[in-house]
Amino acid sequence: MSKIELKNISKIYKNGVTAVKNISFEVNEGEFIILVGPSGCGKTTLLRMIAGLEEISSGVLLFNGKQMNNIEPKDRDIGMVFQEYALYPHFTVFDNIAFPLKIRKVNKSEIKKQVEEVADIVELSECLCRKPAELSGGQRQRVALARAIIRKPKLFLFDEPLSNLDAKLRVQMRHDIINLQRKLGVTSIYVTHDQVEAMTMGSKLAVLKNGVMQQFDTPYNIYNSPKNIFVADFIGAPQINLFKGKINNNTFIGADNSIIFHLNLEIQDGEYTIGVRPEKIFIGQCEQTDILINNIIYTSGSIENVEYLGNEVYIYIKPNNSTIRVKTHMISEMKNLHIGENIHIYFHREDINIFDATGNHI
């Protein structure tokens, strides 16, 4: 296992474009770290610098305290799994998995033993005589995983390995990869733009935007205590509700006057954004005493759209010019909702996030 340290890592290309800027974080032994962000945010470039496939413009990369900036990729003891399976089509599954050992000139009996052991781990024992063309997408990805595992690396790097799979298979492969990583205990760094993958797989997340790391923390803390508006808006489905407005004398007034409430906080007057997660918003009437005693924020609006997803419902409500997203598991109660119907909604003051004019959480 390996401890990885990134200290002020940057990547500036010859044309002057900065792909990654001043990123620092630590990956402890056995952790599963996710690099997540929209396309073009620098996550794959950062992964490639860790692998040695991209030159580091500035900063220091350490593996177990040893500087790796100028160490060749082959000498970094890394197992890498790419978006494309990169399998040899004319090789059998056995030969594809065995390839790293053959390059090392390991004897045939040991190769057979190790291939069979790894194939059992990734549940490919029945497929060793097949060619890649005879496999499903999930099986091909397992072959790529097995080929990385058989090297017994100190570090796994995954570059969006599930993006070519269908939705159902992605769920299964997420489960398989994280269980495999826990079983092997190998330190891992995983790139994805899919925030569901990030939240369900990572022990910690590094959220990137335009080459800059916005937050590095556990999935729980990133979801519940986002550092800024970008993190709050990027993580979570459906997206967080964001209300822009002003605070005057401790009272928040939304830009379209649809949300007005007293904060009961020590806060300066000025422009702010209030964030509320969709699952923290409830539908129904409230008594005036509930509003006063329980610090409930109360408003109403017309239903713009309703999405039934089987085990939950997304409801889009329009008070004036804004749209409020509500997520609920109260399926039976929501069956009779109609587009255009006016309904009441409320949320609790302790469930709000407040961001200042610069977008940072306060």
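**Note on salt bridges and strand pairing**

1. Lys 112 is partly exposed, at a relative accessible area of 45%; by the cut-offs used here, buried means under 20% relative accessible area, exposed over 50%, and partly exposed in between (1.4 Å probe, protein chains only). Glu 116 is likewise partly exposed, with 37%. The two residues form a salt bridge whose closest N and O atoms are 2.6 Å apart, a salt bridge being a side-chain nitrogen of Lys or Arg within 4 Å of a carboxyl oxygen of Asp or Glu. Both lie in helix 3 (residues 108-121), four residues apart, about one turn of the helix. Helices (H or I, at least four residues) and strands (E, at least two) are DSSP runs, numbered from the N terminus.

2. On provenance, this is a predicted model, in which local features need pLDDT of at least 70 and side-chain atom pairs count only at pLDDT 80 or more, while totals for chains, interfaces and linings use all residues. Residues are numbered from 1 along each chain as its sequence is written, and side-chain values use heavy atoms, with hydrogens and water left out.

3. Across the whole structure, the search finds ten salt bridges. One of them pairs Glu 312 with Lys 327 at 3.9 Å, N to O.

4. Within it, the side chains of Glu 54 and Arg 48 meet at 3.6 Å, N to O. Arg 48 is partly exposed, with a relative accessible area of 28%.

5. An open sheet is formed by five strands in the order 15-19-16-17-18, with antiparallel pairing; two strands pair if DSSP finds at least two bridges between them. Strand 15 (282-283) and strand 18 (324-328) are at the edges with a single partner strand each, so one side of each has no neighbour in the sheet. Strand 16 (residues 296-308) and strand 17 (residues 313-318) are joined by six bridges, and Glu 307 stands opposite Tyr 314 in strand 17.

6. Glu 5 has Leu 62 in strand 4 as its bridge partner, whereas Ile 4 has Val 27 in strand 2. The hairpin of strand 1 and strand 2 has five residues between the strands, and Gly 16 there takes a positive phi near 95°.
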